[in-house]
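These are my notebook entries on a structure that I had not examined before. I looked up its sheet, some of its helices and a few single residues in turn.

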Amino acid sequence: MELETQYFDTAPGIRLHAKVCGPRGAPTLLFVHGFPEFWFTWRRQLEALSADFRCVAIDMRGFNLSTQPLDVPSYKAALLINDLHAVIDALGAPVKAVVAHDWGGAVAWGLAAQFPETMRRFVVINSPHAVTFANALATNRAQQDASQYMNWLRRPGAESALAENDFKRLFDMLDPMGDAERAEYRACWQRGLTGGCNLYRVSPMQPDTPETMGHAAAVAASLRPEQFHVSVPTQIIWGMGDKALHPVLLEGIETHVPDLRIHRIEGAGHWVAREHADEVNAVIRRFLNE
């Protein structure tokens, strides 16, 4: 697999870095990572799919070699959705599929709802739909408890705490990985973690604390489901052992995504695309070939 480097200017002062592989002229797949990852997390998918597809794996705004604004408002959802829209416009809309995980999935859910013409298909991996997530944060105690890390990441200085002891907290979260893989992630995190933390700081989605009781319910009540309706054919892949995002987040999702397939992987955690790459790749390929 031969990787090329490409950059996309998506907004004034914002340039996204990407790695690209696969035959020119082949149908395009856009890969969008989550926190605390970067394009490299998709390398197993790039290896498996680049024989037949032009694969583009970006670094999101605030991560790795992409522009990293330090101010919180630069990470508002509309701006992140615009970043993806601009990349797809540059690639030649619509792309064959957007494949997204975690925070990348959160942004791509918005893109699929607001701009369905940008993609023919959507693959989302362990990333909840906004309505089901908001409802669970308001009503489901187990998911509320599992999401308390979000409040920790919103705190001032969270990025410094994540960097302590050679990024021990982050490695503990992502392990197991080999030395070469650890070196890649270390180099990414050394370039900055504020952008990733700002995603949590700017988001209205958060579990209640003693100081914010009622906030989660208010957010859930304020959402208009029709604004989050996704008409694009969608494949969800879900690691059922995800400690942060529980399977309750899949309940009722077909109301908001009528053209839907769900592939559940028992025993798999949040990093399912890395840890169960062969199964994930097979599901993606089958969905793309429908």
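I take contact to mean heavy atoms within 4.5 Å. The model is predicted, so I note that local features need pLDDT of at least 70 and side-chain atom pairs count only at pLDDT 80 or more, while totals for chains, interfaces and linings use all residues. Residues are numbered from 1 along each chain as its sequence is written, and side-chain values use heavy atoms, with hydrogens and water left out.

Entry on helix α4. Helices (H or I, at least four residues) and strands (E, at least two) are DSSP runs, numbered from the N terminus. I call a residue buried under 20% relative accessible area, exposed over 50% and partly exposed in between (1.4 Å probe, protein chains only). I found 7 of the 10 residues of α4 buried, so this helix is largely enclosed by the rest of the structure. The buried ones are A130, V131, T132, F133, A134, A136 and L137. They pack against α5, α6 and α10.

Entry on α4 and α10. For the angles I use axes fitted to C-alpha atoms, for helices over the stretch in contact, and the angles run from 0 to 180 degrees between N-to-C directions. The axes of α4 (residues 130-139) and α10 (residues 215-222) come within 8 Å and cross at roughly 150 degrees. That makes α4 roughly antiparallel to α10; angles under 35 degrees count as roughly parallel, over 145 as roughly antiparallel, 65 to 115 as roughly perpendicular and the rest as oblique. I recorded A134, N135, L137 and A138 of α4 in the contact, with A216, A217 and A220 on the side of α10. By class, the contact residues are 6 nonpolar, 1 polar and no charged (Ala, Val, Leu, Ile, Met, Phe, Trp, Tyr, Cys and Pro count as nonpolar, Asp, Glu, Lys and Arg as charged, and the others, Gly among them, as polar).

Entry on S147. This residue lies in the loop between α5 (141-146) and α6 (148-154). I noted S147 as buried, because its relative accessibility is 0%. Leaving out residues up to four places away in sequence, S147 touches F133, L137, P207 and A244.

Entry on the sheet. Two strands pair if DSSP finds at least two bridges between them. I traced an open sheet of 8 strands with mixed pairing, in the order β1-β2-β4-β3-β5-β6-β7-β8. β1 (4-11) and β8 (260-265) stand at the edges with a single partner strand each, so one side of each has no neighbour in the sheet. The twist averages 20 degrees from one strand to the next.

Entry on β4. Of the 5 residues of β4 (residues 54-58), 5 are buried. R54, V56 and I58 point one way from β4, and C55 and A57 the other way. In a regular strand the side chains alternate between the two faces of the sheet. β2 (residues 14-21) runs antiparallel to β4, joined by 4 bridges, and V20 has V56 as its bridge partner. β3 and β4 pair in the parallel sense over 5 bridges, with T28 opposite R54.

Entry on L250. I located L250 in the loop between β7 and β8. L250 is buried, with a relative accessible area of 5%. Its contacts, not counting residues up to four places away in sequence, are I236, W238, I262 and R264.
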